[in-house]
Structure formats: structure tokens, C-alpha cells
Amino acid sequence: LVERQAMFHNIEIRSDLAPELPPATADPAQVQQVFMNLIINAVEAMAGAGRLSLTTRFISEEHTVEAAITDTGHGIAPEDLDRIFDPFFTTKGIGHGTGLGLSISYGIVKEHRGTITVESEVGRGSTFTVRFPTAAGPAKIAAAEEAA
């Protein structure tokens, strides 16, 4: 949806998407909002050039699907990591964001019984990892794995 926009022209996009993920228990429109926010934040952190990596996988022992968004941007200062999901917290300059995007994304993920975490290193980039429980649940997944 976003890669043809001007802000993506000098961004290399790499994807490693698992071919067959079990369905997650989540509202597609809300999940799309979460990923759009994370991707746009990643591109803005790269200031016009860098690499955006998108990875998905199934974690069978946790019965979750995972999506990771990694950028080669400026990273997040250690003192800011504990606050990035707080409403109205932003490190962007005036007029460049409200500080609500990550807070709303966090709320959506939690509402769907998922998790969102971040790992970041200043000057090297960040990885946001989102996990959602699968729709099938542990019993149905185990039965499907045995049938295969």
C-alpha cells in the first residue's frame, strides 16, 4: 500500500514472509493500521534512505503469529524506550507527529491479546515485533500438525 509513495523511493524493502501462517485472531483493518503506522515511522526514521525489512513467522510453541519490522534508521535513545508507547510522547519536532501513533498501535495490539515490543540501537535502527494469538488455538494447531 505504501511502497510507491515518494517517501519510499530510496528505501530498499526486504521481505521474508512465511508462506503459510495460521489465521490470527484480529480485526484486519485495525491490524493494517498498526502495520501502516510502524512502517511509516520506520521510513521517517531513515530520513529518506535505508533498508526496511518485513518478516513474518509462526511460533508454534506460543501459538502466535509474529511480524517484525526492522529499519536502519537513527534508532531510539535508551532513555526514551520506556515511553514510546505513552500517549503524546514523541521525539519528532513540532508539527511532525502527535505522539499518538504508537500509543494507538499498542492499544490495538493489546485489545487483540497480542504483544508489541521494540529493540533499538542508536545509529543502527529499530525492530518492532508484533505477535497475535492464532485463531485456531493450541488444540486445533496440534491436530493440524499431526494430520500433516
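Helices and strands here are runs assigned by DSSP, at least four residues long for a helix and at least two for a strand, and they are numbered from the N terminus. With that in hand, keep in mind that what you see is a predicted model. Reading from the N terminus, the order of elements is β-α-β-β-α-α-β-β-α. In total, the protein has 4 helices and 5 strands.

Of the 148 residues in the protein, 34% are buried. The accessible surface amounts to about 8900 Å², and carbon and sulfur atoms account for 53% of that surface. Contacts also say something about how the chain folds back on itself: among those between residues at least 6 apart in sequence, 68% join residues at least 24 apart.

Now turn to the strands. They form an open sheet of 5 strands in the order S1-S2-S3-S5-S4, and the pairing is mixed. Which strands stand at the edges? They are S1 (11-16) and S4; each has a single partner strand, so one side of each lacks a neighbour in the sheet. From one strand to the next, the twist averages 15 degrees. Helix H1 packs on this sheet and touches S1, S2, S3, S4 and S5, with its direction at about 20 degrees to that of S3.

How much of S3 is covered? Mostly covered is the answer, with 7 of its 8 residues buried. On one side, S3 runs antiparallel to S2 (residues 50-59), and 8 bridges join the two. You can follow this pairing residue by residue: Thr55 stands opposite Ala68 in S3, and Ser53 has Thr70 in S3 as its bridge partner. The hairpin of S2 and S3 has 4 residues between the strands, and in this hairpin His63 takes a positive phi near 55 degrees. S3 also pairs with S5, again in the antiparallel sense and over 8 bridges. There, Asp71 stands opposite Ser126 in S5.

Next, look at what is gathered inside. In soluble globular proteins, nonpolar side chains tend to be buried together. The largest nonpolar core of this model has 23 residues, and those with the most contacts inside it are Leu38, Leu52, Ile84, Ile116, Phe128 and Val130. Several elements each supply at least two residues of this core: helix H1 (28-45), strand S3 (64-71), helix H3 (101-111), strand S4 (115-121) and strand S5 (125-133). Which of the elements gives the most to this core? H1 does, with 6 residues.

Leaving aside residues up to four places away in sequence, Ile116 touches Leu38, Phe85, Tyr106, Val109, Phe128, Thr129 and Val130.

Helix H3 deserves a visit as well. Within H3, the residues Leu102, Ser103, Ser105, Ile108 and Val109 are buried. The buried residues of H3 pack against H1, S4 and S5. Just after the helix comes Arg113, with a positive phi of about 60 degrees.

Finally, let us look at the aromatic rings. How many aromatic pairs does a search of the whole structure find? There are 2. In one of them, the ring centres of Phe85 and Tyr106 are 5.2 Å apart and the planes meet at 35 degrees, so the pair is tilted. Phe85 sits in the loop between helix H2 (78-81) and H3, while Tyr106 belongs to helix H3, so this pair ties together parts 21 residues apart in sequence. Is each of these residues buried or partly exposed? Phe85 is buried, at 16% relative accessible area, whereas Tyr106 counts as partly exposed at 32%.

Phe85 also pairs with Phe128: their ring centres lie 6.4 Å apart with planes at 90 degrees, so this pair is edge-to-face. Together, ring pairs link Phe85, Tyr106 and Phe128 into a cluster.

Notes
Residues are numbered from 1 along each chain as its sequence is written. This is a predicted model: local features need pLDDT of at least 70, side-chain atom pairs count only at pLDDT 80 or more; totals for chains, interfaces and linings use all residues. Side-chain values use heavy atoms; hydrogens and water are left out. A nonpolar core is a set of buried Ala, Val, Leu, Ile, Met, Phe, Trp, Tyr and Cys residues joined through side-chain atoms within 4.5 Å. Buried means under 20% relative accessible area, exposed over 50%, partly exposed in between (1.4 Å probe, protein chains only). Contact means heavy atoms within 4.5 Å. Accessible areas come from the Shrake-Rupley method with a 1.4 Å probe; for residues, only the protein chains shown count as cover. Two strands pair if DSSP finds at least two bridges between them. Axes are lines fitted to C-alpha atoms, for helices over the stretch in contact, and angles run from 0 to 180 degrees between N-to-C directions. Rings of Phe, Tyr and Trp (its six-membered ring) pair if their centres lie within 6.5 Å; planes under 30 degrees apart count as stacked, over 60 as edge-to-face and the rest as tilted.
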